[in-house]
Amino acid sequence: MKRLLLTTAATLSVSAAFTLSAQAESLTLCWAAWDPANALVELSKDFEAASGHTMNFEFVPWPNFADRMLNELNSGGKLCDLMIGDSQWIGGAAESGHYVKLNDFFDANAITMDAFVPATVTGYSEWPKNTPNYWSLPAFGDVVGWTYRKDWFERPEIAAEFKEKYGRDLVAPATFAELRDIAEFFQGREIDGKTVYGASIYTERGSEGITMGAMDVLYSFGFKYENPEKPYEMEGFVNSPGAVAGLEFYKSLYDCCTLPGSSNAYMGEGIDAYKSGQVALQMNFAFTWPGFEVDPNVGGGKTGYLVNPAGPDGERFAQLGGQGISVVAYSEKQDAALEYIKWFAQPDVQAKWWSMGGFSCLRAVVEDPSFASSQPYAQTFLDSMAIVKDFWAEPAYATLLQDTQKRFHDYVVAGTGTAQEALDGLVADWTVTFEDEGKL
């Protein structure tokens, strides 16, 4: 991943006098290569039929997505008319002039951000955060949660052995302490003639994996990015006693309860481990859940869906994923691209998006009384999105992320130093970056 290059490009905005394109255009939408992108291709056929425009797609595998697309934006490339970019990009893309500011367009077309889940507006659309300045439309809600082998939990002989050992029923864990007990219980156990393991968690070093996984735990142990009363004051918050305990817990889970060869695992490895019946518990983003539900090995009621457990003091948060859809400032087809966003924001389109496996952020969809029962994982998704936190969305996020990846991987996987030293080092790393930006 490469740090976004700041430019002096002026912020672009859209005229309130927005009108439909006078001619048919061929638009290219850029996103990551994953199952939701395939669903969007199918959904977009409705836009083609309604608008006369043609949709093309540039999908890049997740490990290469940020590097490829940030290079495209930094170079002022014209490949992408529409970009579904990661939530952390929003600050750099806004300040560098890569995205079109959408406020006037939203106002002219009666699109209100109040219509979307608040966490997704803050996470995907706003820069600066908590200000009414919008650079994307929330497109795909996502959050880190857990799946577990409900069918294994319900086997009488397994449930009885667990209760005898721990003095409680084998049910979905409510706390991280309970989760580790369950993972330890299943570690190395033989089920159906096959050795299984406790948990699949994120440990990937190259892009963002171990940060997404460790933060998913640290938030509930008390980690904060900065003093809520003083921006960029990190000492005692990033490396608080609770944060240290959270990182120690994450390492203990890696050491005790993961399957062999888990030193560089992220989304794909977790999917494979779970579908192949190797693990009892799996940490992963919610986008994986529709695929599990229809899988012949783990679908059909065999899988349970779990909101991120609570930490030792009862706090419960989860790592935000997901993305917003933006118009690229270098596109020569911005009017047609804006038509796509207007179309995508419609409630009926958003309802169809959910039905096809896309995680809608529109409140009219997710707050509908029928939503919670529409899929076995729907309520878990709603509950998870209510407790999300996200990594820095600063223009220098890539540098901040690289520092985090190294500190966490060195400690959790390589066993270098202590959790306190890792987090103290992270404070020092991040301080240098913010000093370079003149924010400290």
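Which helices each supply at least two residues of the lining of the second largest pocket? They are α1 (35-51), α2 (62-74), α11 (267-275) and α12 (289-293), where helices are DSSP runs of H or I with at least four residues, strands are E runs of at least two, and both are numbered from the N terminus. A pocket here is an open set of points on a 1 Å grid over the protein atoms alone, where a 1.4 Å probe fits, with protein on both sides within 12 Å along at least five of seven lines; lining residues have an atom within 4 Å of a point.

The model is predicted, so local features need pLDDT of at least 70 and side-chain atom pairs pLDDT 80 or more, while totals for chains, interfaces and linings use all residues. Residues are numbered from 1 along each chain, and side-chain values use heavy atoms, without hydrogens and water.

Let's stay with the second largest pocket. Its lining has 24 residues, with W34, W62, M267, I271 and F287 nearest the centre, and α11 gives the most, five residues. Domain 1 (11-142 + 322-389) and domain 2 (144-319) both contribute to this lining, so the pocket lies between them; the domain bounds come from an automatic or database assignment.

Now for the largest pocket. Its volume, the space filled by probe spheres set on grid points joined across faces, edges and corners, is about 670 Å³. Of its 22 lining residues, K129, N130, Y225, E226 and D390 lie nearest the centre.
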